[in-house]
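This report describes a single model, moving from its loops to its ligand site and then to its pocket.

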Amino acid sequence: MTQASAPGKVYFFGEHAVVYGKPAIACAIDLRTNVGVKSSRDDSVYFVSNRKKIHIQRSPYIHETLKILSENYDIPLSGFRLIIKSTLPKASGLGSSAALVIATIGAISEEFGLNISREHIASIGHEVEKNVQGRASPTDTYISTFGGVYRMPDKVRLPTPQLTFVIGDTKTSSSTKELVEHVANLRQRYGFVDNIINAIGELCREGERYFVKGDVERIGELMLMNHSLLEVLGVGSRKLRKLVDAAMEGGAYGAKLTGAGGGGCIISITCEDRVDEISDRIKRCGGRAYVVHPTDEGLVL
Ligand code: PMV
């Protein structure tokens, strides 16, 4: 069986503002999705986690991926099964759909000897996300392909900081499409909303300096400010705020929502010896806690 795997991601800064061309800094994490391709007559997608099997056409991301690949390469659209194993929670701001798409492109490329370059894999992945979601920045698919930390949308590589993430999952999923639309509507209604978007961009530019210096305390401080600005844009929630506060009370350097918001996850950054305290506090507030690390490992074929 041919296999490929790709990581999820978190945003240190800049989600939503990146949709309007502002800078964002995102980082690959060591939660991954593995896709295997196996000859089979049933044209299905099998999810190992819940033992669910569906027809390829019923998985929008995989269906769209195969559609775009078949328009550009000579591949069959049937005669195989895709087997998906993932440690990433779905629809939670951790880039699970991008990891699925990138690992699928990688596995199909290997299986049929397509030799697609990584740049091209990332751009096909972006196309897929745009088609399925209506709107998407290249962030998730780029980070999932290359691993590491990047300033987007201009793809500038930054040093990977030495830190641990404690992720707090609100256990409620959210729709990226709806939240991106919400911000677009808010912009239409109030001219000053662009000031908030610009402020997020400024904050990200400032934050970049601290990646170069490896100053996790300053990165944390700016993350907390970024969370408040995202709340002003209306993409926070009571549960997200509770988890941010819990992480800070547990001794995190900083915390914020990651991804579209509304529900999904917060990330907090910390040193290893505060991980248990932060995790406990997140759980006591009703969240699920994951301890993860930045990774430089992108798509693995
Ligand atoms: O929730 P996610 O992981 O799909 O992240 C969405 C991030 C946005 O900036 C809100 C949209 C985008 O495409 O960049």
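## Basis and loops

Helices (H or I, at least four residues) and strands (E, at least two) are DSSP runs, numbered from the N terminus. Residues are numbered from 1 along each chain as its sequence is written. The model is predicted, with pLDDT of at least 70 needed for local features and 80 or more for side-chain atom pairs, while totals for chains, interfaces and linings use all residues, and side-chain values use heavy atoms, leaving out hydrogens and water.

Pro153 sits in the loop between strand 6 (149-152) and strand 7 (156-158), and the peptide bond that joins Met152 to Pro153 is cis, with omega about 5°. In the loop between strand 1 and strand 2 (24-39) lies His16, which has a positive phi of about 70° although it is not a glycine.

## Ligand site

His16 is also among the closest of the 15 residues that surround the ligand (a heavy atom within 4 Å), together with Lys9, Ser137, Thr176 and Ala260.

Three of these residues place N or O atoms within the polar-contact limit of 3.5 Å. An N or O atom in the side chain of Ser137 is 2.6 Å from a ligand oxygen, a polar side-chain atom of Thr176 lies 3.2 Å from an oxygen atom of the ligand, and Ala260 brings a backbone N or O atom to 2.9 Å from a ligand oxygen. Of the 380 Å² that the ligand exposes when taken alone, the protein buries 92% (Shrake-Rupley method, 1.4 Å probe).

## Largest pocket

A pocket is an open set of points on a 1 Å grid over the protein atoms alone, where a 1.4 Å probe fits, with protein on both sides within 12 Å along at least five of seven lines; lining residues have an atom within 4 Å of a point. Of its 49 lining residues, Tyr61, Lys90, Ala91, Ser96 and Ser97 are the closest to the centre.

Conventions:
Polar contact = N/O pair within 3.5 Å; in protein donor to acceptor, adjacent residues only side chain to side chain.
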